[in-house]
Amino acid sequence: MHIQSSVLVPLGFGKYVRSDQVTAIIPIEQDRGPGRRTFVGVQGQADPIVASRAEDSIVRDLVQEPREVIQSRQQQQILRDLLMDLANVNPTVRRISRDEGSLDLDRLEHRIREVLEDD
């Protein structure tokens with residue numbers, strides 16, 4: 001299990017903690033009810049925070065990558081695939097697509113390289 005660092009994890013009712021600062025997740029067994037589901041220990045705090053979310057949902061948020069990170073990786077892979085395919089387009093097809101179709105594959109290839117180099 002890998003904790004995602006520097007990701008805010010919602011505890012419910014507007015409470016958030018950084019994922020890499022969570023030290024314990026303990027289900028509340030007595031007096032459990034609305035707004036009282038889980039104790040969350042946080043680094044540097046003597047008393048745990050009372051979370052309104054269940055322990056399994058908090059743990060899931062701690063170890064799963066945020067959706068935005070997953071989408072970003074997928075988009076980068078698509079750009080890499082496109083870049084490999086563009087490398088196989090011959091000069092004649094490039095010229096025709098630029099002159100007849102207003103699609104400049106050289107410019108597109110250059111832009112993709114710039115985007116991938118920034119990451």
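**Sheet, helix and nonpolar cores in the predicted model**

Strand β4 is joined to strand β5 (residues 49–51) by three bridges, and the two run antiparallel; strands are DSSP runs of E with at least two residues, numbered from the N terminus, and two strands pair if DSSP finds at least two bridges between them. The structure is a predicted model in which local features need pLDDT of at least 70 and side-chain atom pairs count only at pLDDT 80 or more, while totals for chains, interfaces and linings use all residues. Residues are numbered from 1 along each chain as its sequence is written, and side-chain values use heavy atoms, with hydrogens and water left out.

The three strands form an open antiparallel sheet in the order β3-β4-β5. Because β3 and β5 stand at the edges with a single partner strand each, one side of each has no neighbour in the sheet. The twist averages 25° from one strand to the next. Four of the five residues of β4 (residues 38–42) are buried, so this strand is largely enclosed by the rest of the structure; buried denotes under 20% relative accessible area (1.4 Å probe, protein chains only).

Helix α1 (residues 55–63) lies across β3, β4 and β5 and runs at about 155° to β3. Helices are DSSP runs of H or I with at least four residues; axes are lines fitted to C-alpha atoms, for helices over the stretch in contact, and angles run from 0 to 180 degrees between N-to-C directions.

The largest nonpolar core comprises 10 residues: V9, L11, V17, V22, V40, V42, I49, A51, I58 and L62. At least two residues of this core come from each of β1 (8–12), β4, β5 and α1. A nonpolar core is a set of buried Ala, Val, Leu, Ile, Met, Phe, Trp, Tyr and Cys residues joined through side-chain atoms within 4.5 Å. A second, separate core of five residues includes L83, L86, L105 and L116.

Note on methods. Buried means under 20% relative accessible area, exposed over 50%, partly exposed in between (1.4 Å probe, protein chains only). Contact means heavy atoms within 4.5 Å.
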